[in-house]
Amino acid sequence: MGKLLTTIIVVAGILSAFYVYIPVPEDLENPWVFRLLGCLVRCMHWIMYYEVKYTDVSSGLFADRLQFPMPENNNNSLTVTTTEFDGVRVILFQPNLPTSKEDQLLPAIVYFHGGGFVLGNPDIMYKVTQRMCVELQAVVASVDYRLAPKYKFPAAFEDSLKATKWLLTNAKKYSVDARKVAIAGDSAGGLLSAAVSQFIKDDLNVPNLLFQALIYPTAQQIDVNLPSTQQYHAIFGNRGIVCKHDMAMFIGLYAFGEFRQDYYDAFMTGTLTSREFRETSELMQYIDHDVILKSGVRSRHYVKPTSQTDNSKLWHDLKDVLLDVRMSPLLRKDMSGLPPAWIATCEYDPIRDDGILYAHRLKNDGVHVSFKNYEKGFHGAWMSEFNLVVYNEMMTDFMVFAKEYIKPK
């Protein structure tokens, strides 16, 4: 019995080490944070995979039903409350002003968390949004939008737009200057920020947003063979924090509200579209690989896609969702007039190039853009808990950009 137990422990240790340990490039910051986050995501991925394939997820995923207490506010310089904006739950951070300034109207930021439209809530970005509130002396509304697969596309977008418009039209209720409301988000929240910015710009009944801050955003869902995706797969395979398996899972659940094997398989092989679309659609100009290759970022292991697969039947079924600008804001034809943008991408991130392409589109249409690719960063680095150098660098750069608009000289 003793030898059997020892053998089990040794085997379990070897398997655990294999699962946690991921070879990483020398310049990636804090490899063990990356490995541990990657291990956590892998475990969640497989739980979700079997859950969505073999169980009824109409009431939500197991991960969504886990309830954690909201972090305690131990900062006397602000007040944190939970409220609703037009029926959408938000965590509201408000600076505590001196009596002499209580009547002063403040700037505000509406924030959307990441999590692939499937995971997460405002609590995971609590310290980030708290810091924004304190350093910028701004009201911050962190939005708890509905998650897939229980609520499929466009539920997350609809909640995000509703909450933003509510603040714009009820700004004085929260001591906010409606002319100084900005928007920000990371990953899936970056997509929501970009899409909401577009719809707010088109709505003549509300003021345009002050700026948009997009942290490693996803911006399109039709080309999954970009240089950054190829680079990430070549280095990490189907491991790390966000691999192709994760992207196929998350986007599919949000787009369709269920696990679709045909979509998943087409995503993994990079054959989502029809040959006719690839060869004739004017939208393909917005996903130009040459823009990325000439941008100055590294594109190791890149091979120009040559697939001749004609997946026209599946594409006919998918295209209305995947081409919708609420799902793929990069595909909007006219970017002029959109708010100034701060866009941050990370080198070791399969969706890095979405941010590069979106920055390029905005600049070409005359929008002011501050863009930087953080060469030691990875998807998930925008979290204060690990005190990463790259996180602090990103936050410092964001604050400099935000203060240019919030506190102009």
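**Cavity, rings and strands**

Modeller: This is a predicted model. Helix α8 gives the largest share of the lining of the largest cavity, 4 residues.

Biologist: What makes the lining divide into 6 nonpolar, 1 polar and 1 charged?

Modeller: Look at the residue types. Arg counts as charged, and Gly counts as polar. Ala, Met, Leu, Phe and Tyr count as nonpolar. Arg260 and Gly252 are both in the lining. The division is therefore 6 nonpolar, 1 polar and 1 charged.

Biologist: How much space lies in the largest cavity?

Modeller: About 30 Å³. The structure holds 1 cavity of 30 Å³ or more.

Biologist: Arg260 again. How do you know that its charged end sits over the ring of Phe256?

Modeller: The charged end is 4.9 Å from the ring centre. The distance cut-off is 6 Å, and the direction must also be within 35 degrees of the ring normal. The pair is listed as a charge over a ring, with Arg260 over Phe256. Arg146 lies over the face of Tyr151 too, at 5.2 Å from the ring centre.

Biologist: Now the aromatic pairs. How many does a search of the whole structure find?

Modeller: It finds 22.

Biologist: Why is the pair of Phe85 and Tyr174 called tilted?

Modeller: The ring centres are 5.1 Å apart, and the planes stand at 50°. Pairing needs centres within 6.5 Å. Stacked means under 30 degrees and edge-to-face means over 60.

Biologist: Where in the chain are the two residues?

Modeller: Phe85 is in strand β1 (residues 78-85). Tyr174 is in the loop between α5 (155-169) and β5 (176-186). They are 89 residues apart. Both Phe85 and Tyr174 are buried.

Biologist: What makes Trp382 and Phe398 an edge-to-face pair?

Modeller: Their planes stand at 85°, and edge-to-face needs over 60 degrees. Their centres are 6.4 Å apart, and the limit is 6.5 Å. So the pair is edge-to-face. Trp382 and Phe398 also belong to one aromatic cluster, with Phe211, Trp342, Tyr391, Phe401 and Tyr405.

Biologist: Back to β1. How do you know that β1 and β2 pair?

Modeller: Pairing needs at least two bridges. β1 and strand β2 (residues 88-95) have 8, in the antiparallel sense. They therefore count as paired. One of the bridges joins Leu78 to Pro95 in β2.

Conventions
Residues numbered from 1 in each chain as written. Predicted model: local features only at pLDDT ≥ 70, side-chain atom pairs only at ≥ 80, totals over all residues. Heavy atoms only, no water. Phe/Tyr/Trp six-rings, centres within 6.5 Å; stacked < 30°, edge-to-face > 60°. Buried < 20%, exposed > 50% of the residue type's maximum accessible area, 1.4 Å probe, protein only. 1 Å grid on protein atoms, 1.4 Å probe; cavity = no way out; pocket = protein on both sides within 12 Å on 5 of 7 lines; lining within 4 Å. Points joined across faces, edges and corners; volume = space filled by probe spheres on them.
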